[in-house]
Amino acid sequence: MNQTVLNVSDLTISANITTVSASLSLLGGLIIIWSYRCIPATRNQVRAMLVALTVADMMTAFGQEIAGVRWYNLGMNNSTTSDTLCEVQSFLTTFSCMASFFWTTFIALYLFICVWYSTDLLLSRSQRFLLQCIAWGIPGIITSTALAYGVLGNNGFALNGVWCWLNKTSKDKYGILWMLLTGKGWEILTYLITASLYILLKIRTFLKRRRHNSYLWNQASNGLRREDELFCFTWLILYCLRFWGTVRFFINIIDNGSHPKSFYFENFKLVLLFLQSYGDSAQAFWNFILFCVCDNTVRSFSLNNCLSFSHNEMAYSDIRSHTEEGLDTNLQHANEQSPLLH
């Protein structure tokens with residue numbers, strides 16, 4: 001098995017970036033789920049699918065946190081081995097990444113049908129159950145198969161940072177097949193499907209607005225909100241975050257090790273590692289930016305509640321201060337009325 005030559009300091013930086021990125025994603029994911037539960041105006045089918053996507057992304061972030069803790073505890077000496085914790089983390093993140101790709105694709109397909117055909121696509125309980133079975137079931141079957149064949153583990157940082165994925169590289173027998181099957185193939189397929197669908201929707205929306213100045217997605221389908229057009233940017237976020245790992249994947253396939261390593265090329269690969277360390281666990285955080293910070297309904301609700309809370313705190317402080325002033329005045333008056341000696 002070929003291993004990428006990386007020193008401890010580089011991998012420690014990768015671990016630090018991964019841990020910070022994963023922590024932000026866990027926080028952002030919790031806020032997305034909170035917004036769905038606490039803001040009734042956001043609750044529709046596509047937002048419910050976003051919650052499922054967020055759960056998958058939070059599982060990935062949690063797995064990356066485990067990988068960071070494992071690195072800090074084991075360091076360079078033992079972190080290249082595939083111990084039990086490594087396999088558990090690999091199972092979790094491999095499963096959750098594939099589930100995330102499935103939910104991202106399902107959201108794109110759902111929005112495309114609603115907007116392109118101007119229809120209200122109401123999913124029945126059985127249809128929602130079927131989506132759940134596909135999005136969680138297929139990744140579960142694939143990941144369990146990989147575990148049974150003993151391919152989950154560590155590949156010596158050839159394709160990822162300090163986290164575990166597979167104990168194979170592209171140079172191993174069936175290595176590329178396992179990589180495509182356990183994540184990279186579904187990832188590339190998600191790139192192609194979501195980019196195609198959302199670009200078509202943006203073109204259609206642009207043409208509609210040339211004829212109707214106020215064309216909005218909630219006019220095309222009653223099941224959508226005006227802010228759901230923000231989903232058109234999800235494919236771009238996915239590209240920007242996971243592109244670096246895909247580049248490393250193809251470099252690993254193409255590089256046969258026979259050519260001399262140039263200083264610039266090695267530094268380029270190191271930069272790719274750092275970018276991948278951030279991007280692979282950051283999707284929930286950037287979905288929070290897109291669907292909470294940039295969503296007018298969520299932002300207005302949050303700001304109004306913060307202002308209301310602040311106003312209530314100020315009112316409570318004023319009442320308390322006035323009460324204390326009244327007590328002080330009464331005590332002072334009582335002291336003035338009482339004799340000096342009893």
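The structure is a predicted model, in which local features need pLDDT of at least 70, side-chain atom pairs count only at pLDDT 80 or more, and totals for chains, interfaces and linings use all residues. Residues are numbered from 1 along each chain as its sequence is written, and side-chain values use heavy atoms, with hydrogens and water left out. The protein chain has 10 helices and two strands (DSSP runs, H or I of at least four residues for helices and E of at least two for strands, numbered from the N terminus).

**Overall fold**
- The order of elements from the N terminus is α-α-α-α-β-β-α-α-α-α-α-α.
- Buried residues (under 20% relative accessible area; exposed is over 50%, partly exposed in between; 1.4 Å probe, protein chains only) make up 46% of the 342 in the protein chain.
- Among contacts (heavy atoms within 4.5 Å) with a separation of 6 or more, 78% join residues 24 or more positions apart.
- The protein chain exposes about 17,800 Å², of which carbon and sulfur atoms supply 65% (Shrake-Rupley method, 1.4 Å probe; for residues, only the protein chains shown count as cover).
- Helix H9 (residues 283–293) is largely enclosed by the rest of the structure, because eight of its 11 residues are buried.
- The buried residues of H9 include Phe285, Phe288, Leu290 and Phe291.

**Aromatic rings**
- The whole structure holds 15 aromatic pairs (Phe, Tyr or Trp rings, the six-membered one for Trp, with centres within 6.5 Å; planes under 30 degrees apart are stacked, over 60 edge-to-face, the rest tilted).
- Trp103 and Phe106 form an edge-to-face pair, because their ring planes stand at 90 degrees, with the centres 6.0 Å apart.
- Both residues lie in helix H3 (residues 84–116), three residues apart, or about one helical turn.
- Trp103 is buried at 2% relative accessibility, and Phe106 is buried at 14%.
- Phe243 and Trp244 are also edge-to-face, with centres 5.2 Å apart and planes at 80 degrees.
- Phe243 is partly exposed at 43% relative accessible area, and Trp244 is partly exposed at 26%.
- A cluster linked by ring pairs contains Phe95, Phe102, Trp103, Phe106, Trp136 and Trp186.
- The charged end of Arg204 sits over the ring of Trp116, 4.9 Å from its centre (NZ of Lys or CZ of Arg within 6 Å of the ring centre and within 35 degrees of the ring normal).

**Salt bridges**
- The whole structure has 10 salt bridges (a side-chain nitrogen of Lys or Arg within 4 Å of a carboxyl oxygen of Asp or Glu).
- Asp295 and Arg47 are joined by a salt bridge at 3.5 Å, N to O.
- This pair links distant parts of the chain, 248 residues apart: Asp295 is in the loop between H9 and helix H10 (296–337), and Arg47 is in helix H2 (residues 45–78).
- Arg225 also bridges to Asp295, with the closest N and O atoms 2.6 Å apart.
- Arg225 lies in the loop between helix H6 (217–220) and H7, so its pairing with Asp295 ties together parts 70 residues apart in sequence.
- Arg225 and Asp295 are both buried, and Arg47 is buried at 1% relative accessible area.
- A network of salt bridges links Arg47, Arg225, Glu227, Asp228 and Asp295.

**Nonpolar surface patch**
- Ile176, Leu180, Phe250, Ile253 and Ile254 form a nonpolar surface patch with about 420 Å² of accessible area together (residues with over 30% relative accessible area and no salt bridge; like charges joined within 9 Å, nonpolar side chains of Val, Leu, Ile, Met, Phe, Trp or Tyr within 5 Å).
- Helix H7 gives the most to this patch, with three residues.
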